[in-house]
Amino acid sequence: MKKTILTFLLTAMLAVPVIAQDTIVIADGKEVTLDNPIKIIDNISYIPLREISEKILNADIIWDSSNKSAILNNSSATVIIPIGSSSISVNNTQKITDAPAFIENGITYVPVRALSEGFNMTVGYENKTITISRSTLPQLSPLEKGETIAAMHTNYGDIKFRFFPEYAPKAVENFLTLAEEGYYNNITFHRVINNFMIQGGDPDASGAGGESIWGADFENEITPDLRHFRGALCMANRGIDPSNGSQFYIVQNKDTSDFTNSIKEFLYQTIEGTDITYSELYPDNVLKAYEELGGCPSLDFGYTVFGQVIEGMDIVDIIAAVETDSNSKPVKDVIITGIDIYKY
(Lines give C-alpha, C1' and ligand atoms only; values in the text may rest on other atoms or scores of the structure.)
Protein backbone atom coordinates (compact mmCIF):
# COMPACT_ATOMS: atom_id res chain seq x y z
CA MET A 1 0.00 0.00 0.00
CA LYS A 2 2.81 2.40 0.94
CA LYS A 3 4.61 1.62 -2.31
CA THR A 4 1.45 2.32 -4.32
CA ILE A 5 0.93 5.69 -2.66
CA LEU A 6 4.57 6.64 -3.12
CA THR A 7 4.46 5.64 -6.80
CA PHE A 8 1.39 7.83 -7.33
CA LEU A 9 2.91 10.83 -5.62
CA LEU A 10 6.08 10.62 -7.70
CA THR A 11 4.04 10.19 -10.90
CA ALA A 12 1.77 13.12 -10.03
CA MET A 13 4.72 15.41 -9.60
CA LEU A 14 5.89 14.68 -13.15
CA ALA A 15 3.03 16.96 -14.26
CA VAL A 16 4.43 20.28 -13.07
CA PRO A 17 1.79 22.32 -11.24
CA VAL A 18 1.11 25.84 -12.44
CA ILE A 19 0.73 28.26 -9.54
CA ALA A 20 -2.37 30.33 -10.26
CA GLN A 21 -1.49 33.46 -8.30
CA ASP A 22 -4.05 35.60 -10.16
CA THR A 23 -6.98 33.19 -9.74
CA ILE A 24 -9.53 34.19 -7.12
CA VAL A 25 -12.19 32.15 -5.36
CA ILE A 26 -15.73 33.43 -4.75
CA ALA A 27 -17.74 31.29 -2.31
CA ASP A 28 -21.44 32.11 -1.91
CA GLY A 29 -20.76 35.57 -3.32
CA LYS A 30 -17.78 36.45 -1.12
CA GLU A 31 -14.10 36.45 -2.09
CA VAL A 32 -12.07 33.94 -0.07
CA THR A 33 -8.54 34.88 1.00
CA LEU A 34 -6.24 31.86 0.69
CA ASP A 35 -2.95 31.46 2.53
CA ASN A 36 -1.59 29.20 -0.22
CA PRO A 37 -2.14 29.71 -3.96
CA ILE A 38 -4.31 27.52 -6.15
CA LYS A 39 -2.41 25.01 -8.29
CA ILE A 40 -3.43 23.91 -11.78
CA ILE A 41 -2.40 20.55 -13.24
CA ASP A 42 -3.68 19.47 -16.66
CA ASN A 43 -6.34 22.22 -16.52
CA ILE A 44 -7.64 20.95 -13.16
CA SER A 45 -7.64 23.38 -10.24
CA TYR A 46 -6.44 22.21 -6.82
CA ILE A 47 -6.85 24.00 -3.51
CA PRO A 48 -5.33 23.18 -0.11
CA LEU A 49 -7.63 20.79 1.71
CA ARG A 50 -7.59 22.57 5.04
CA GLU A 51 -8.39 25.93 3.48
CA ILE A 52 -11.32 24.73 1.39
CA SER A 53 -12.64 22.80 4.39
CA GLU A 54 -12.44 25.64 6.90
CA LYS A 55 -13.06 28.69 4.72
CA ILE A 56 -15.59 27.39 2.18
CA LEU A 57 -17.22 24.13 3.24
CA ASN A 58 -17.30 24.73 7.01
CA ALA A 59 -16.33 21.08 7.41
CA ASP A 60 -14.38 19.34 10.14
CA ILE A 61 -11.39 17.19 9.13
CA ILE A 62 -10.37 13.85 10.63
CA TRP A 63 -7.25 12.14 9.31
CA ASP A 64 -7.40 8.36 8.91
CA SER A 65 -3.71 7.50 8.77
CA SER A 66 -4.32 3.77 8.38
CA ASN A 67 -6.18 4.35 5.08
CA LYS A 68 -4.26 7.46 4.01
CA SER A 69 -7.56 9.37 3.88
CA ALA A 70 -9.08 12.62 5.03
CA ILE A 71 -12.63 12.49 6.37
CA LEU A 72 -14.59 15.73 6.00
CA ASN A 73 -17.91 16.27 7.70
CA ASN A 74 -20.46 19.08 7.91
CA SER A 75 -24.24 19.26 8.27
CA SER A 76 -24.87 18.28 4.65
CA ALA A 77 -22.42 15.44 3.95
CA THR A 78 -19.55 13.21 4.99
CA VAL A 79 -16.84 12.93 2.34
CA ILE A 80 -13.83 10.61 2.50
CA ILE A 81 -10.86 11.53 0.29
CA PRO A 82 -8.15 8.89 -0.08
CA ILE A 83 -4.81 10.42 -1.06
CA GLY A 84 -3.83 9.23 -4.52
CA SER A 85 -7.19 7.70 -5.41
CA SER A 86 -9.43 8.67 -8.30
CA SER A 87 -12.59 8.12 -6.27
CA ILE A 88 -14.07 9.65 -3.14
CA SER A 89 -16.84 8.50 -0.84
CA VAL A 90 -19.86 10.79 -0.44
CA ASN A 91 -22.24 9.64 2.30
CA ASN A 92 -20.97 6.06 1.80
CA THR A 93 -21.41 6.20 -1.99
CA GLN A 94 -18.31 5.91 -4.18
CA LYS A 95 -17.87 8.62 -6.84
CA ILE A 96 -15.17 8.93 -9.51
CA THR A 97 -13.31 12.25 -9.33
CA ASP A 98 -11.74 14.30 -12.10
CA ALA A 99 -8.33 13.90 -10.45
CA PRO A 100 -6.77 12.49 -7.24
CA ALA A 101 -5.67 14.47 -4.21
CA PHE A 102 -1.92 14.77 -3.60
CA ILE A 103 0.53 16.06 -1.00
CA GLU A 104 3.21 18.62 -1.76
CA ASN A 105 5.55 20.16 0.82
CA GLY A 106 3.35 18.89 3.61
CA ILE A 107 0.16 20.44 2.15
CA THR A 108 -2.70 18.27 0.88
CA TYR A 109 -4.22 19.54 -2.37
CA VAL A 110 -7.65 18.43 -3.59
CA PRO A 111 -9.49 19.04 -6.89
CA VAL A 112 -11.90 21.92 -6.32
CA ARG A 113 -14.80 20.61 -8.39
CA ALA A 114 -14.78 17.05 -7.05
CA LEU A 115 -14.74 18.05 -3.40
CA SER A 116 -17.22 20.92 -3.76
CA GLU A 117 -19.74 18.82 -5.66
CA GLY A 118 -19.36 16.13 -3.00
CA PHE A 119 -20.85 18.70 -0.62
CA ASN A 120 -23.66 19.50 -3.05
CA MET A 121 -22.16 22.76 -4.24
CA THR A 122 -21.81 24.04 -7.79
CA VAL A 123 -18.52 25.23 -9.29
CA GLY A 124 -18.00 27.66 -12.14
CA TYR A 125 -14.86 28.94 -13.88
CA GLU A 126 -14.75 32.26 -15.70
CA ASN A 127 -12.14 35.01 -16.19
CA LYS A 128 -9.66 33.49 -13.72
CA THR A 129 -12.40 33.30 -11.11
CA ILE A 130 -13.64 30.14 -9.43
CA THR A 131 -17.17 30.47 -8.05
CA ILE A 132 -18.43 27.96 -5.48
CA SER A 133 -22.09 28.12 -4.45
CA ARG A 134 -24.59 26.08 -2.54
CA SER A 135 -26.59 24.19 -5.15
CA THR A 136 -29.58 23.41 -2.95
CA LEU A 137 -32.38 25.97 -3.10
CA PRO A 138 -35.51 25.04 -1.10
CA GLN A 139 -37.87 25.84 -3.98
CA LEU A 140 -36.05 23.35 -6.20
CA SER A 141 -35.61 20.58 -3.64
CA PRO A 142 -37.63 17.33 -3.88
CA LEU A 143 -40.94 17.20 -2.03
CA GLU A 144 -40.75 15.37 1.28
CA LYS A 145 -43.41 13.23 2.88
CA GLY A 146 -45.54 15.25 5.28
CA GLU A 147 -45.16 18.61 3.52
CA THR A 148 -48.26 20.81 3.46
CA ILE A 149 -49.82 21.22 0.01
CA ALA A 150 -52.54 23.67 -1.04
CA ALA A 151 -54.70 22.96 -4.09
CA MET A 152 -56.19 26.23 -5.34
CA HIS A 153 -59.26 25.67 -7.52
CA THR A 154 -60.06 28.34 -10.10
CA ASN A 155 -62.56 28.60 -12.95
CA TYR A 156 -59.60 27.98 -15.27
CA GLY A 157 -58.15 24.94 -13.46
CA ASP A 158 -56.18 23.93 -10.37
CA ILE A 159 -52.85 25.28 -9.09
CA LYS A 160 -50.96 23.41 -6.35
CA PHE A 161 -48.37 24.89 -3.98
CA ARG A 162 -45.79 23.80 -1.43
CA PHE A 163 -44.69 26.05 1.45
CA PHE A 164 -41.56 27.08 3.36
CA PRO A 165 -42.58 27.81 6.97
CA GLU A 166 -38.99 27.57 8.23
CA TYR A 167 -38.14 30.67 6.15
CA ALA A 168 -41.42 32.62 6.16
CA PRO A 169 -43.49 31.35 9.11
CA LYS A 170 -45.89 34.29 9.34
CA ALA A 171 -46.67 34.42 5.63
CA VAL A 172 -47.29 30.66 5.52
CA GLU A 173 -49.48 30.66 8.63
CA ASN A 174 -51.43 33.64 7.32
CA PHE A 175 -52.12 32.16 3.87
CA LEU A 176 -53.01 28.66 5.11
CA THR A 177 -55.27 29.95 7.87
CA LEU A 178 -57.11 32.28 5.51
CA ALA A 179 -57.44 29.44 3.00
CA GLU A 180 -58.82 27.01 5.60
CA GLU A 181 -61.30 29.62 6.83
CA GLY A 182 -62.61 30.09 3.29
CA TYR A 183 -61.40 33.71 3.08
CA TYR A 184 -60.15 33.27 -0.48
CA ASN A 185 -63.30 31.50 -1.74
CA ASN A 186 -64.85 33.36 -4.69
CA ILE A 187 -62.15 36.06 -4.62
CA THR A 188 -60.74 37.00 -8.03
CA PHE A 189 -57.30 37.52 -9.49
CA HIS A 190 -57.70 41.28 -9.78
CA ARG A 191 -54.33 42.11 -11.42
CA VAL A 192 -52.83 40.08 -14.26
CA ILE A 193 -49.76 41.02 -16.29
CA ASN A 194 -48.54 38.49 -18.85
CA ASN A 195 -44.80 37.69 -18.67
CA PHE A 196 -44.78 39.03 -15.11
CA MET A 197 -47.25 37.75 -12.49
CA ILE A 198 -50.88 37.17 -11.48
CA GLN A 199 -52.18 38.74 -8.26
CA GLY A 200 -55.15 37.89 -6.03
CA GLY A 201 -56.34 37.73 -2.44
CA ASP A 202 -58.24 41.02 -2.24
CA PRO A 203 -61.94 40.56 -1.33
CA ASP A 204 -62.66 44.04 -2.73
CA ALA A 205 -60.92 43.25 -6.05
CA SER A 206 -59.60 46.80 -5.93
CA GLY A 207 -55.97 46.08 -5.09
CA ALA A 208 -56.30 48.02 -1.84
CA GLY A 209 -58.33 45.60 0.29
CA GLY A 210 -57.82 42.57 2.49
CA GLU A 211 -56.28 41.93 5.87
CA SER A 212 -54.15 39.35 7.63
CA ILE A 213 -55.34 36.84 10.23
CA TRP A 214 -54.02 39.22 12.89
CA GLY A 215 -56.17 42.10 11.65
CA ALA A 216 -53.08 44.22 10.98
CA ASP A 217 -50.29 44.28 8.41
CA PHE A 218 -47.26 42.12 9.16
CA GLU A 219 -43.62 42.51 8.24
CA ASN A 220 -41.67 41.09 5.32
CA GLU A 221 -39.76 37.82 5.80
CA ILE A 222 -36.83 38.19 3.42
CA THR A 223 -34.23 35.47 2.91
CA PRO A 224 -31.63 34.91 0.15
CA ASP A 225 -32.66 31.23 0.14
CA LEU A 226 -36.08 31.92 -1.42
CA ARG A 227 -36.24 33.72 -4.77
CA HIS A 228 -38.73 35.00 -7.32
CA PHE A 229 -38.32 32.00 -9.60
CA ARG A 230 -41.14 31.28 -12.02
CA GLY A 231 -43.94 29.73 -9.94
CA ALA A 232 -42.96 31.48 -6.69
CA LEU A 233 -45.89 32.31 -4.37
CA CYS A 234 -45.27 35.69 -2.74
CA MET A 235 -46.91 38.29 -0.51
CA ALA A 236 -48.04 41.47 -2.24
CA ASN A 237 -47.32 44.66 -0.31
CA ARG A 238 -47.52 48.43 -0.74
CA GLY A 239 -43.77 48.95 -1.01
CA ILE A 240 -43.36 49.73 2.68
CA ASP A 241 -42.74 47.44 5.64
CA PRO A 242 -44.93 46.27 7.24
CA SER A 243 -47.74 46.16 4.67
CA ASN A 244 -48.51 42.45 4.14
CA GLY A 245 -52.17 41.49 4.50
CA SER A 246 -54.04 38.90 2.47
CA GLN A 247 -52.93 39.66 -1.07
CA PHE A 248 -50.48 37.40 -2.88
CA TYR A 249 -49.05 36.94 -6.36
CA ILE A 250 -47.63 34.08 -8.43
CA VAL A 251 -44.56 34.78 -10.56
CA GLN A 252 -45.21 33.84 -14.20
CA ASN A 253 -42.36 35.35 -16.25
CA LYS A 254 -40.45 32.79 -18.35
CA ASP A 255 -37.45 34.77 -19.61
CA THR A 256 -34.76 36.36 -17.40
CA SER A 257 -32.02 36.63 -20.03
CA ASP A 258 -31.93 40.45 -20.05
CA PHE A 259 -31.40 40.55 -16.28
CA THR A 260 -28.90 37.72 -15.99
CA ASN A 261 -26.84 38.91 -18.97
CA SER A 262 -26.64 42.46 -17.66
CA ILE A 263 -25.81 41.54 -14.07
CA LYS A 264 -22.97 39.25 -15.19
CA GLU A 265 -21.18 42.31 -16.56
CA PHE A 266 -20.69 43.76 -13.07
CA LEU A 267 -21.15 40.67 -10.91
CA TYR A 268 -18.12 41.27 -8.70
CA GLN A 269 -18.54 45.02 -8.37
CA THR A 270 -19.62 46.48 -5.05
CA ILE A 271 -23.13 47.90 -4.85
CA GLU A 272 -22.97 51.67 -4.45
CA GLY A 273 -23.00 52.74 -0.83
CA THR A 274 -22.39 49.23 0.52
CA ASP A 275 -19.64 46.62 0.81
CA ILE A 276 -21.90 44.02 -0.83
CA THR A 277 -21.07 42.70 -4.30
CA TYR A 278 -23.72 41.74 -6.83
CA SER A 279 -22.33 38.21 -6.72
CA GLU A 280 -23.34 38.02 -3.04
CA LEU A 281 -26.94 38.83 -3.96
CA TYR A 282 -26.96 36.62 -7.05
CA PRO A 283 -24.48 33.75 -6.60
CA ASP A 284 -23.85 31.26 -9.38
CA ASN A 285 -26.55 28.77 -8.37
CA VAL A 286 -29.22 31.48 -8.19
CA LEU A 287 -28.34 32.93 -11.61
CA LYS A 288 -28.31 29.44 -13.10
CA ALA A 289 -31.77 28.71 -11.68
CA TYR A 290 -33.13 31.97 -13.06
CA GLU A 291 -31.68 31.18 -16.49
CA GLU A 292 -33.26 27.72 -16.50
CA LEU A 293 -36.61 28.50 -14.87
CA GLY A 294 -37.38 32.15 -15.51
CA GLY A 295 -38.79 34.47 -12.90
CA CYS A 296 -38.51 38.07 -11.67
CA PRO A 297 -35.10 38.47 -9.98
CA SER A 298 -35.53 42.24 -9.66
CA LEU A 299 -38.23 41.59 -7.01
CA ASP A 300 -35.84 39.70 -4.73
CA PHE A 301 -35.31 41.24 -1.27
CA GLY A 302 -38.39 43.45 -1.58
CA TYR A 303 -41.20 40.93 -1.14
CA THR A 304 -41.76 37.76 0.88
CA VAL A 305 -41.51 34.48 -1.03
CA PHE A 306 -43.28 31.76 0.95
CA GLY A 307 -44.38 29.04 -1.48
CA GLN A 308 -43.82 27.48 -4.91
CA VAL A 309 -46.12 26.07 -7.57
CA ILE A 310 -45.65 22.30 -7.91
CA GLU A 311 -48.50 21.66 -10.37
CA GLY A 312 -50.56 23.93 -12.58
CA MET A 313 -48.09 26.39 -14.12
CA ASP A 314 -49.99 25.82 -17.36
CA ILE A 315 -53.06 27.24 -15.59
CA VAL A 316 -51.00 30.21 -14.37
CA ASP A 317 -49.91 30.83 -17.98
CA ILE A 318 -53.51 30.65 -19.21
CA ILE A 319 -54.65 33.13 -16.56
CA ALA A 320 -51.71 35.44 -17.33
CA ALA A 321 -52.77 35.56 -20.98
CA VAL A 322 -56.44 36.54 -20.42
CA GLU A 323 -57.73 39.81 -21.79
CA THR A 324 -57.35 42.71 -19.36
CA ASP A 325 -58.43 46.35 -19.15
CA SER A 326 -56.20 49.41 -18.79
CA ASN A 327 -55.70 48.61 -15.08
CA SER A 328 -54.49 45.04 -15.80
CA LYS A 329 -57.76 43.66 -14.41
CA PRO A 330 -59.20 40.66 -16.30
CA VAL A 331 -62.19 41.59 -18.43
CA LYS A 332 -63.74 38.23 -17.51
CA ASP A 333 -63.41 37.32 -13.83
CA VAL A 334 -60.75 34.77 -12.88
CA ILE A 335 -62.19 33.28 -9.71
CA ILE A 336 -60.68 31.26 -6.86
CA THR A 337 -63.54 28.86 -6.10
CA GLY A 338 -61.82 27.28 -3.10
CA ILE A 339 -58.56 25.98 -1.63
CA ASP A 340 -57.99 22.50 -0.19
CA ILE A 341 -55.12 21.84 2.26
CA TYR A 342 -53.56 18.39 2.68
CA LYS A 343 -50.32 16.58 3.46
CA TYR A 344 -48.05 15.23 0.73
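Let's start at asparagine 120, which is partly exposed, with a relative accessible area of 41%. This comes from a predicted model. Asparagine 120 sits in the loop between helix H3 (112–118) and strand S13 (121–126). Its C-alpha atom is separated by 6.7 Å from that of arginine 134, 14 residues apart along the chain.

Next comes the barrel. Eight strands form a closed barrel in the order S15-S16-S21-S19-S20-S18-S17-S22, with antiparallel pairing. From one strand to the next, the twist averages 35 degrees. Within it, S19 (residues 232–235) and S21 (residues 305–311) pair in the antiparallel sense over three bridges, and leucine 233 stands opposite glycine 307 in S21.

| Helix | Strands touched | Direction |
|---|---|---|
| H4 (residues 169–180) | S15, S16, S19, S20, S21 and S22 | about 115 degrees with S22 |

Finally, have a look at a helix pair. Packed helices in general are described by the angle between their axes and the distance between the axes. Here, the axes of H5 (residues 257–264) and H7 (residues 284–293) come within 9 Å and cross at roughly 150 degrees. Angles over 145 degrees count as roughly antiparallel, so H5 is roughly antiparallel to H7. H5 passes H7 in a left-handed crossing.

Which residues in H5 and H7 meet? Thr260, Ile263 and Lys264 in H5 meet Leu287, Tyr290 and Glu291 in H7. By class, this contact has three nonpolar, one polar and two charged residues.

How values were computed
Residues are numbered from 1 along each chain as its sequence is written. This is a predicted model: local features need pLDDT of at least 70, side-chain atom pairs count only at pLDDT 80 or more; totals for chains, interfaces and linings use all residues. Side-chain values use heavy atoms; hydrogens and water are left out. Axes are lines fitted to C-alpha atoms, for helices over the stretch in contact, and angles run from 0 to 180 degrees between N-to-C directions. Helices (H or I, at least four residues) and strands (E, at least two) are DSSP runs, numbered from the N terminus. Angles under 35 degrees count as roughly parallel, over 145 as roughly antiparallel, 65 to 115 as roughly perpendicular and the rest as oblique. A crossing is left-handed if the near helix is turned anticlockwise from the far one by less than a right angle, and right-handed if clockwise. Contact means heavy atoms within 4.5 Å. Ala, Val, Leu, Ile, Met, Phe, Trp, Tyr, Cys and Pro count as nonpolar, Asp, Glu, Lys and Arg as charged, and the others, Gly among them, as polar. Buried means under 20% relative accessible area, exposed over 50%, partly exposed in between (1.4 Å probe, protein chains only). Two strands pair if DSSP finds at least two bridges between them.
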